[in-house]
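User: I'm new to this one and would like a walk through it. Could you show it to me and take my questions one at a time?

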Amino acid sequence: MAAQSQYEELARQLSAIGVVKREMGRILPQDCPPASVGVLTFLDCHGEMRMSQLAELLAIDMSVTSRHVAHVAERGWIERKPDPADKRSRLLRLTPSGKELLTELSERYTHTLARYLDDWTDTDVGLLVELLTRLRTSFDDCRTRAHHDSTTRTPAG
């Protein structure tokens, strides 16, 4: 287990990562906030899905997911169609223009990262990817454990 001082420094570094996120956000089109990119990316990675599944993947409330979905649907980046298994539900699907936007954004992200990290070695970039993946996985595991713990906990008293 790491020393307390290492966790404190990690917390400071993670707080400061906002600078990186803001810079990456500057490359987004005016009408495409980061939340929209998240919606499009999940639909691209996981395929067609219901809004409830998207909300779960994004780990946000259904009302917030609904606003994000409305935003991207209004721009034609996704479509909502009736679910053949349940006509009351809608399935969300990435449109060709949504896929085109993601391709453009991927090129922008890649170019921006290459510009800022041009003095990093391939090994350094690979290590960063590996460690960030582990960090994210650890937090996903924590969220899963926390959800499991809250559903299996017995009431006190």
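This is a predicted model: local features need pLDDT of at least 70, side-chain atom pairs count only at pLDDT 80 or more; totals for chains, interfaces and linings use all residues.

User: Is Thr95 buried or exposed?
Analyst: Thr95 sits in the loop between strand 3 (86–94) and helix 6 (96–116); helices (H or I, at least four residues) and strands (E, at least two) are DSSP runs, numbered from the N terminus. Its relative accessible area is 12%, so Thr95 is buried.

User: Leaving aside neighbours within four places in sequence, which residues is Thr95 in contact with?
Analyst: Contact means heavy atoms within 4.5 Å. With neighbours within four places in sequence left aside, the partners of Thr95 are Gly76, Trp77, Ile78 and Glu79.

User: Which residues have the most contacts inside the largest nonpolar core?
Analyst: A nonpolar core is a set of buried Ala, Val, Leu, Ile, Met, Phe, Trp, Tyr and Cys residues joined through side-chain atoms within 4.5 Å. The largest one here has 19 residues, and those with the most contacts inside it are Leu40, Leu43, Ile78 and Leu92.

User: Where does the largest share of this core come from?
Analyst: Helix 3 (34–46), helix 4 (51–58), helix 5 (62–74), strand 3 and helix 6 each supply at least two residues of this core. The largest share is four residues, and it comes from helix 3.

User: Why do the buried residues of helix 3 line one face?
Analyst: The buried residues in helix 3 are Ser36, Val37, Val39, Leu40 and Leu43. Seen down the helix axis, taking directions from the axis to the C-beta atoms, they line one face because they fall within an arc of 160 degrees.

User: Which exposed residues does the face of helix 3 turned away from its buried side carry?
Analyst: The buried residues of helix 3 pack against strand 1 (49–50), helix 4, helix 5, strand 2 (78–83), strand 3 and helix 6. The face turned away from that buried side carries the exposed residues Pro34 and Cys45.

User: What is the bridge partner of Pro82 in strand 3?
Analyst: Two strands pair if DSSP finds at least two bridges between them. Strand 2 and strand 3 pair in the antiparallel sense over six bridges, and a hairpin joins them through two residues. In strand 3, the partner of Pro82 is Arg90.

Technical notes:
Residues are numbered from 1 along each chain as its sequence is written. Side-chain values use heavy atoms; hydrogens and water are left out. Buried means under 20% relative accessible area, exposed over 50%, partly exposed in between (1.4 Å probe, protein chains only).
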